[in-house]
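Please work through the exercises below with the sequence and the model side by side.

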Amino acid sequence: MQAFLFQASQDDKSEQNAVMMIAEHYKQIREHHQALLLEADKNKEGKKSYEKRGRPRREVPLIQKSKLQELSLNTASFDAARQRMPEELLRAAFIQKCVCFQPVPGDRTWHNHPVFVTDGTTFKTVDTPELRKHFQAPKDNNPPPVPLGRLQGIINLYKGGLVAAGIDTYGSSEGRMLRSLYEYIPAGTVLLGDDLYSGYGHVACCLSKEIDLIVQGKHYRHEKVIKQLGQNDVLVEWTSNVPPSWFTEDDVLPPTITIRRITLVDPLEPEKIITLYTTLKDALEYPTVDIAALFVSRWEIELSFRNIKSVMKMEYLRGKTVTMVNKEIYAHLLLYNIIRKKMSEYHTPIGDFPPCGSEIQTDTTVVPNQIGYVDKLGRCYTRKGGRRTQSNHSEISANETNRKT
């Protein structure tokens, strides 16, 4: 598992690179153990020699001699170990780390509600007959060049980590995938989503589980206005008789649903109208402005997927079987949550993670003698004006061209 995480953390995701990292890790362990032995010998020489009953206290832990030998750089054993490792083990480790991002008392909230965000994305695999058969969508007359899979995730908006994730084929429904993840969303949570989750079935599921929903609506709906709450803010009634295909036996479809509709004007495109639907019906407790401002934060999950797929290089997977592909994905998701948990330990009192408020950033990326920082692409910038400017970028880059970041 450690080698799996090493492999997921590197740009070079080859087995040879992972074995070399494990060998270097054990080399450091051996050196540390040898230093402990030397220190123990010195302590024995300095102590008075006298007889003491009983077994002498062991100052250095006993390690098997086989563990103190140099590791072979042959990848055959590592490849066999990867095959033997159960997929359930990596999935269980990921789920256990997801618990760290569940809401607890004292966390930052929105109107006393924890906020989760959900969305789906795709990943690419090696083109093998097994993967092509498993991931190809049924009745797809124009299949993609390589097999594609689908990943559904839910993040905690104020902690940044994944609270749940699911893997399925490219032709699977994001609605069905989200339905399998509702058990990880506690009651009283506000869930943000795009228009794919604005259907009647998802609203019904959220109401039955006491989950509040804020989603964007892009389709015309047959709805009846039943109450005017304010300008461009009304309560409407939906009617439906056909349950979604992803409904289970435990799901109940009510004949009607009352939901709040908020209509906004896009400030960047005044001719564009944005429609939001929410189960938060109290206009006094949840003003329109607050709901609109919170929905903008939905984009955070897009950034999280970008970090997993682009920064951690998970967009193209190397496994040649379905089991190995799933193992790789769970290893990347587990590593992502480990990194996010480490970042959360350095959060500011309000829960943000700016460069100026974290030792992770300031210890490694601050340009000496200047109020400057370096982003993930290696570009220098300052906080002057709240944005990166061309003059700031040129000035810092000219002074630090030889500096490694």
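The exercises treat confidence, the sheet and a helix pair in turn.

This is a predicted model, in which local features need pLDDT of at least 70 and side-chain atom pairs count only at pLDDT 80 or more, while totals for chains, interfaces and linings use all residues. Residues are numbered from 1 along each chain as its sequence is written, and side-chain values use heavy atoms, with hydrogens and water left out.

**Exercise 1. Find where in the chain confidence is lowest and where it is highest.**

Begin with the chain average, a pLDDT (the predictor's confidence in each residue, from 0 to 100) of 83, with 81% of the residues scoring at least 70. Then turn to the elements, which are DSSP runs numbered from the N terminus (helices H or I, at least four residues; strands E, at least two). Confidence is lowest in helix α12 (residues 390–399), at a mean of 47, and highest in strand β4 (residues 190–193), at 96. Finally, note that pLDDT stays under 50 over residues 383–396, for which the model has 19 contacts (heavy atoms within 4.5 Å) beyond four places in sequence.

**Exercise 2. Work out the strand order of the open sheet and name its edge strands.**

The order is β3-β2-β1-β4-β5-β9-β8-β7-β6, nine strands with mixed pairing, where two strands pair if DSSP finds at least two bridges between them. The edge strands, each pairing on one side only, are β3 (162–169) and β6 (224–230). For the parallel sense, take β4 and strand β5 (residues 212–217), which pair over four bridges, with Ile-214 in β5 as the bridge partner of Leu-192. For the antiparallel sense, take β7 and β8, joined by seven bridges, where Asp-233 has Ile-262 of β8 as its bridge partner. β8 and β9 also run antiparallel, over six bridges.

**Exercise 3. Describe how helix α4 and helix α10 pack, and which residues make the contact.**

Helix α4 (residues 87–98) and helix α10 (residues 322–344) have axes 9 Å apart and an angle of about 25° between them, taking axes as lines fitted to C-alpha atoms, for helices over the stretch in contact, and angles as running from 0 to 180 degrees between N-to-C directions. That angle makes α4 roughly parallel to α10, a description used for angles under 35 degrees. The residues in contact include Leu-90, Phe-94 and Lys-97 of α4, and Tyr-330, Leu-334 and Lys-341 of α10.

Terms used:
Angles under 35 degrees count as roughly parallel, over 145 as roughly antiparallel, 65 to 115 as roughly perpendicular and the rest as oblique.
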